[in-house]
Amino acid sequence: MSTTIIILIVVAILILWAISIYNNLVKLRNNRTQAFANIDVQLKQRHDLVPQLVETVKGYSAHEKEILEKVTLARSQAMGAVGINDKIQAENALSSALAGLKVAVEAYPDLKANQNFLHLQTELADIENKLAAVRRFFNSATYELNNAVQTFPSNLLAGAFGFHAEPMFEIAQEERATVEKAPEIKF
């Protein structure tokens, strides 16, 4: 009789342990999803601001049509992206297109002095800073989830419950060379 009780206690402990691991994995996955929802809020603001910025630049730089079309197309693709991984890829493309727009704007001194453009540029910079912050939070949540999925003992149950390592929100490969290069400072 006592061995039956011991076996039942061990089985109960194992069941409670599995429930605890599962609940922790669910919390971490939900935290990551919520972190991406925060990114979505900032991306919505960014998507709303980009057309205003493009229209302002159009007035000054009619022959920069290719760059403006690239930004517009990237924004459209980013808005239509479904799922976290697709949105990450689309937003990286939009970031690249916006970087190209910033470079093109440097050739227009009148545009850089325009109050409307300066206001939009300030708003865009603010949104980009907020995006950087929420992306860091998202990557932190992803890191925690990936650690739980890949470390012992939770890795024993993670695969069985459908949990797997998720990608981080990283810069696009095209931007990596630019980011890793030291900025040129000219006086």
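I begin with a cut-off: buried means under 20% relative accessible area, exposed means over 50%, and partly exposed is in between. I keep in mind that this is a predicted model.

**Entry: Ala37.** I looked up Ala37 and found it in helix H1. Its relative accessible area is 38%, so I note Ala37 as partly exposed. I then checked Ala37 against Ile84. The two are 47 residues apart in sequence, yet their C-alpha atoms are 9.4 Å apart in space.

**Entry: the whole chain.** I counted the secondary structure next. The chain has seven helices and zero strands. Read along the sequence, the pattern is α-α-α-α-α-α-α. Of the 187 residues, 34% are buried. I also looked at contacts with a separation of 6 or more. Residues 24 or more positions apart account for 79% of them. The accessible surface comes to about 11800 Å², and carbon and sulfur atoms hold 60% of that.

**Entry: the cores.** Which residues have the most contacts inside the largest nonpolar core? I find Ile39, Val71, Leu98, Leu101 and Phe138, in a core of 29 residues. The elements giving two or more residues to this core are H1 (2-60), H2 (65-80), H3 (84-105) and H5 (115-150). H1 gives the most, with nine residues. I also noted a second, separate core of ten residues, which includes Leu25, Leu28, Leu157 and Phe163.

**Entry: Phe138.** I went back to Phe138 and listed its contacts, leaving out residues up to four places away in sequence.

**Entry: Ser154.** Is Ser154 buried or exposed? Its relative accessibility is 10%, so Ser154 counts as buried. I place Ser154 in the loop between H5 and helix H6 (155-158). Setting aside neighbours within four places in sequence, I see Ser154 in contact with Ile21, Leu25, Ala148 and Val149. Leu25 is also one of the residues in the second core.

**Entry: the surface patch.** I turned to the outside. Ile6, Val10, Leu14, Trp17, Phe152 and Leu156 form a nonpolar patch on the surface. Together they have about 630 Å² of accessible area. Which helix gives the largest share of the patch? I find H1, with four residues. I then looked at Trp17, which lies in helix H1.

How values were computed: Residues are numbered from 1 along each chain as its sequence is written. This is a predicted model: local features need pLDDT of at least 70, side-chain atom pairs count only at pLDDT 80 or more; totals for chains, interfaces and linings use all residues. Side-chain values use heavy atoms; hydrogens and water are left out. A nonpolar core is a set of buried Ala, Val, Leu, Ile, Met, Phe, Trp, Tyr and Cys residues joined through side-chain atoms within 4.5 Å. Buried means under 20% relative accessible area, exposed over 50%, partly exposed in between (1.4 Å probe, protein chains only). Contact means heavy atoms within 4.5 Å. Patches are made of residues with over 30% relative accessible area and no salt bridge: like charges are joined within 9 Å, nonpolar side chains (Val, Leu, Ile, Met, Phe, Trp, Tyr) within 5 Å. Accessible areas come from the Shrake-Rupley method with a 1.4 Å probe; for residues, only the protein chains shown count as cover. A salt bridge is a side-chain nitrogen of Lys or Arg within 4 Å of a carboxyl oxygen of Asp or Glu.
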